[in-house]
Amino acid sequence: MAVRKRSGGMRTIHAPFWPMLNIQRRILLLLEEIYRPPSRVMGFVKGRGIRKNATFHVGKQSILNVDIQDYFSAIHLGRIRGRLMAPPYNLTDDVATTIAKLCTLNGVLPTGAPTSPILANMITSSLDGELTKFARTNGCFYTRYADDITFSTNLRSFPPSMISQSDGPVRQIVAAEELSSFFDGARLPLNPTKTRVLDRTMRHEICGVTCNERLNVRWTLIREVRGAVNAWRKYGRIAADEAWNKKYNWREAKSLERSLRGRTEHIIHIKGLNDAATANIVTQFNELSDRHFNDISYTYTPANPLGILNSVCLILCEDDDAVVYGQGSGFVIESGAVITNHHAITYLPEDKYLPQNSVPFPVINVSFDNPPISYPMRIVYSDSKRDIAVLRCADPFFRPVFERLGCSLNLKELSLGTKVSHEGYPNYQSGDTCRVFPGNVTGTGSDNGQKFFNVSQPVVNGEQWRSGF
């Protein structure tokens, strides 16, 4: 069976028929019992997916995407058999051979078999470990979704061990020899036509999920759904179905309602709850006449404008001599001090690499949405290990302003479900206002004795968060 790709062309799917499908599903249950996916593997693992994959790379300076060429067909029967016999699986020769034969077609993994993704992940596990260490050594983050490999960094650019420029009349970015050697050693070569580097001025997209400031979908997807819903409302289901098939039904789906529902559910999955644009789409979809299925359930609570913290401030830093500039967010406490991150008010000179070697910006200014006045600040405390800093207004005349704007700190321990709010100036551009995103605590943990909290909204560089909303 052939299905159409969004980028053009066709993809061949070798889906097994019954009873082979039933046999492979039973084998899949066995493999899931013995396979422990690495933390950086996001594809075909329960509880993970494209959303969690993109979450690791939200707010990064640059993203590097590479792609394994002919991923499934590069994995043959012998490799599967050998991997199942090796630690930690240690299956017998007969069992490993039987599984490998039952799960391959013409000697390789077929696209469309239920067992192909997990077997491919098992084969790639050693490569995942090597690339995780390689990324950490180069100051990068690494994740893999099937054959899509993603690296991201907060450095100014990727190091030469990861990317280089190709030779020839048309120079383009390619994977560096050192990076390519990992894939060649694993006998999973890269597809040279799918290597791309995205800087902060471009749309960061990973497996269809945009992650510049926070998780989002392409605006074209929103436009497609809105256009189809409006056409249905104005001209009726039949006319909307015809327009949809001409413009947007590249997957050749048979049901307009199912297509719209699927795309809307995808938008909800990526953008999360309490999003005004998503709530508008869901409301319009639920109001459509002549539908065959139930309404889409969605929860939206408009944010209370009076709940926005007046104490959240924008921090702008500069060192004109070194031609280095930075920005971040902070909040004012009752004493008039500004709490922020150590990395927001320091920078690494070009010959330094570790956070403890960072130097403070000589000029630090703070401003608020209202009034739009910049206040000079000085550092009174900074800790690179805990990534925290405390600032005071350098001009005593303005210190009463900060005391009036200060919020009270409640050091009571947060619990599961406590409401929180992200507020700040991520990726600030001149004229931007404070951004507010409500959420809640989804879990707690500890790292080297330090307590931390998981929250429902991804934390973006440049945001602060507080509880009590």
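Two strands count as paired here if DSSP finds at least two bridges between them. Keep that in mind while looking around this predicted model.

One spot to look at is tyrosine 381, whose bridge partner in β18 is valine 390.

**The aromatic rings**

How many aromatic pairs turn up in a search of the whole structure? The search finds nine.

| Pair | Centre to centre | Angle between planes |
|---|---|---|
| Phenylalanine 44 and tyrosine 145 | 5.9 Å | 35° |
| Tyrosine 347 and phenylalanine 361 | 4.8 Å | 45° |

Phenylalanine 44 sits in the loop between α1 (20–34) and α2 (50–55), while tyrosine 145 is in strand β4 (residues 140–145), so to speak a link between distant parts of the chain, 101 residues apart. Phenylalanine 44 counts as partly exposed because its relative accessibility is 48%, and partly exposed covers what lies between under 20% (buried) and over 50% (exposed).

Tyrosine 347 belongs to strand β14 (residues 346–347), and phenylalanine 361 to the loop between β15 (359–360) and β16 (363–367), 14 residues apart. Are these two buried or exposed? Both tyrosine 347 and phenylalanine 361 are buried.

Elsewhere, Phe368, Tyr375, Phe398 and Phe402 form one aromatic cluster. Lysine 60, meanwhile, lies over the face of phenylalanine 141, at 4.4 Å from the ring centre.

Key: Residues are numbered from 1 along each chain as its sequence is written. This is a predicted model: local features need pLDDT of at least 70, side-chain atom pairs count only at pLDDT 80 or more; totals for chains, interfaces and linings use all residues. Side-chain values use heavy atoms; hydrogens and water are left out. Helices (H or I, at least four residues) and strands (E, at least two) are DSSP runs, numbered from the N terminus. Rings of Phe, Tyr and Trp (its six-membered ring) pair if their centres lie within 6.5 Å; planes under 30 degrees apart count as stacked, over 60 as edge-to-face and the rest as tilted. Buried means under 20% relative accessible area, exposed over 50%, partly exposed in between (1.4 Å probe, protein chains only). A charge sits over a ring if NZ of Lys or CZ of Arg is within 6 Å of the ring centre and within 35 degrees of the ring normal.
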